Amino acid sequence: MPSNNESTGEARNRSNRIKLFVVVVFALIAAASGFWGYQRYRASGATLTTAEITELAKTAASEDRQAWLRLARAALTAENVQAIIAPTEPTNNRGEASRVELGYLLFFDPILSGDKTTSCASCHHPDYGMADGLKKGIGAGGHGYGLQRAGTGRELQRNTPSLFNVAYNPILFWDGRAGTLEEQALEPIFNEHELNQSSAAELVKSLRAIPKYRELFAKAFGFNSPQDGREITLQNIARAIAAFERKLNITETDYDQFVKGKDDKLTTEQLRGLVVFIGQGQCAACHIPPHFHDGVLSSTGTPVSAEKGAPLDSDPGFGAVIRREDGFGMFKTPGLRNVARTAPYMHNGAFNTLEEVVDFYNDGGGRGRGLDVYSQDVKVAKLNLTEQQKKDLVSFMKSLNDTAPPPQTPASVPSGLPVVGK
Ligand code: HEC
Ligand code: HEC
């Protein structure tokens, strides 16, 4: 039992600590608001409206590089050029190297699948920009990876999205039905059309039977616990895979170098394309740099294929998730980093090339092509771009290609099963 004196002393100490804490917090708030104030000021000083950018673009001669450099820099807002920070991790899944390494091996290991032939990499492969290059994914019964899976199995409902930068998009799946990577990771394992694993108990048992996995799970989750496989749980499988996915980030592209001040990283064509992207094309209204998405879902009126006159795609998208008509045809805005390497495009793989995508937007999306689209976003409207502007836009999107090498396919995985692409 402390004496009275001691407790008042302690109380005084605590009150001093609280005072100090208040002062520090206050100072931080003051510094932060000054900083934001500055950012706002910068933004208001530098931001041109879409209409202004469009007007200025008309006055610049197409080969006047200096004019396009000035305009491109002025068009980028403070938000557009903010530094990219590491993605947020949930408090119960910090991305320790041991978890990332385990997740990496699980990602490539067909042991997760029902028939032990399919891994996540069968559809999300480094050789195809962490996607598969197919119009729609090929699931159960498929063999090989990427384009080689064509014609061998059951076609999935949607195009396989690239997993690059997936941690930066708060919305998962084309229709937004999953919220976190941890939540998402188990879905394909038990989905009968994907890895088709029918028994969680079997899966856990088969992993526990492999000494290397017992060791890796103990290291990643057990904090020096015995390597008896107790850490091998569904939740930890999901955590490890998610930790690996959070490292698949593209932050070094020519565009990023340009943003950091290197003028020569973008060609004149790409500078003009950047101006169209932010200005007349209105692309940046949804594909907002630096991540090139807006974290929401919207309807562009995507048809079943690129041919003019093709009917509207019948996938209800978000509409089926919320069970409301006004969500019909709404899909998440994909980020565009590495987009030149992840054809075909859209939730249904309707477009084979970026040129086809640009043509679609230029026509005014689905409605512009005469389709009866329930709730097409108003930002998708006829653009009246010239042939050169369309080319420039495609050229700009190529500046978003990763300049770092993609992840290596592991030579082998702990199960000893063959690894796709090796
Ligand atoms: C048979 C092909 C196939 C396999 C195997 C597969 N996926 Fe996918 N993946 C897809 C398709 C198709 C989608 C889009 C589905 C949708 O949006 O409805 C998708 C979506 C995702 C997404 C959401 C991405 C985004 O941008 O919204 C993540 C994350 C993902 N998969 C991770 C995995 C993991 C982890 C595995 C292994 C456990 C895996 N996938 C196995 C085809 C596959
Ligand atoms: C209203 C918001 C919005 C605007 C404006 C917009 N997009 Fe999109 N973009 C989307 C959505 C939503 C999708 C996915 C549509 C789907 O899957 O059917 C998409 C898909 C894409 C894709 C395919 C990416 C992939 O991985 O499949 C590209 C490329 C693209 N947009 C480029 C552009 C360009 C270039 C512009 C300007 C001309 C533009 N977008 C304007 C919302 C928008």
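Residues are numbered from 1 along each chain as its sequence is written, while chains are lettered from A and ligands numbered from 1 in the order in which they are written. In this predicted model, local features need pLDDT of at least 70 and side-chain atom pairs count only at pLDDT 80 or more, but totals for chains, interfaces and linings use all residues.

Start with a helix pair. Helices (H or I, at least four residues) and strands (E, at least two) are DSSP runs, numbered from the N terminus. Two packed helices are described by the angle between their axes and the distance between the axes. Helix H3 (residues 65-75) packs against helix H11 (residues 268-278) at about 35°, and the axes are 9 Å apart. Axes are lines fitted to C-alpha atoms, for helices over the stretch in contact; angles run from 0 to 180 degrees between N-to-C directions. The crossing of H3 and H11 is left-handed (the near helix is turned anticlockwise from the far one by less than a right angle). H3 contributes Arg65, Trp68, Leu69, Leu71, Ala72 and Ala75 to the contact, and H11 contributes Thr268, Leu271, Arg272, Leu274, Val275 and Ile278. Contact requires C-beta atoms, placed from the backbone, within 7 Å. By class, the H3–H11 contact has nine nonpolar, one polar and two charged residues. Here Ala, Val, Leu, Ile, Met, Phe, Trp, Tyr, Cys and Pro count as nonpolar, Asp, Glu, Lys and Arg as charged, and the others, Gly among them, as polar.

Next, the ligands. Around ligand 1 there are 28 residues, and Cys120, Cys123, Gly137, Phe173 and Trp174 come nearest. A residue is near if its C-beta atom, placed from the backbone, lies within 6 Å of the molecule. Helices H5 (120-123), H6 (181-190) and H9 (234-245) each supply at least two residues of this shell. H6 gives the most, five residues. The shell of ligand 1 holds 16 nonpolar, eight polar and four charged residues.

Ligand 2 is surrounded by 27 residues, the closest being Cys283, Cys286, Thr302, His347 and Asp377. Helix H13 (residues 354-362) provides the largest share, four residues. This shell divides into 16 nonpolar, nine polar and two charged.

Now the interior. A nonpolar core is a set of buried Ala, Val, Leu, Ile, Met, Phe, Trp, Tyr and Cys residues joined through C-beta atoms within 7 Å. Buried means 20 or more other C-beta atoms within 10 Å of the residue's own, exposed means 12 or fewer, and partly exposed lies in between, with C-beta atoms placed from the backbone. The largest core has 44 residues, and Leu102 and Phe217 are among those with the most contacts inside it. H9 supplies its largest share, seven residues. Apart from this core lies another, of 38 residues, including Leu271, Val276, Cys283 and Phe360.

Finally, the backbone. Most residues other than glycine have a negative phi, and most peptide bonds are trans. The Pro289 to Pro290 bond is cis, with omega near 5°. Pro290 sits in the loop between H11 and strand S1 (297-298). Ala343 and Pro344 are also joined by a cis bond, with omega about -10°. Met130 has a positive phi, near 60°, and Phe173 has one of about 70°. Met130 counts as buried because it has 26 C-beta neighbours inside 10 Å. Phe173 has 18 such neighbours, so it counts as partly exposed.

Note on methods
Two residues are in contact if their C-beta atoms, placed from the backbone, lie within 7 Å.
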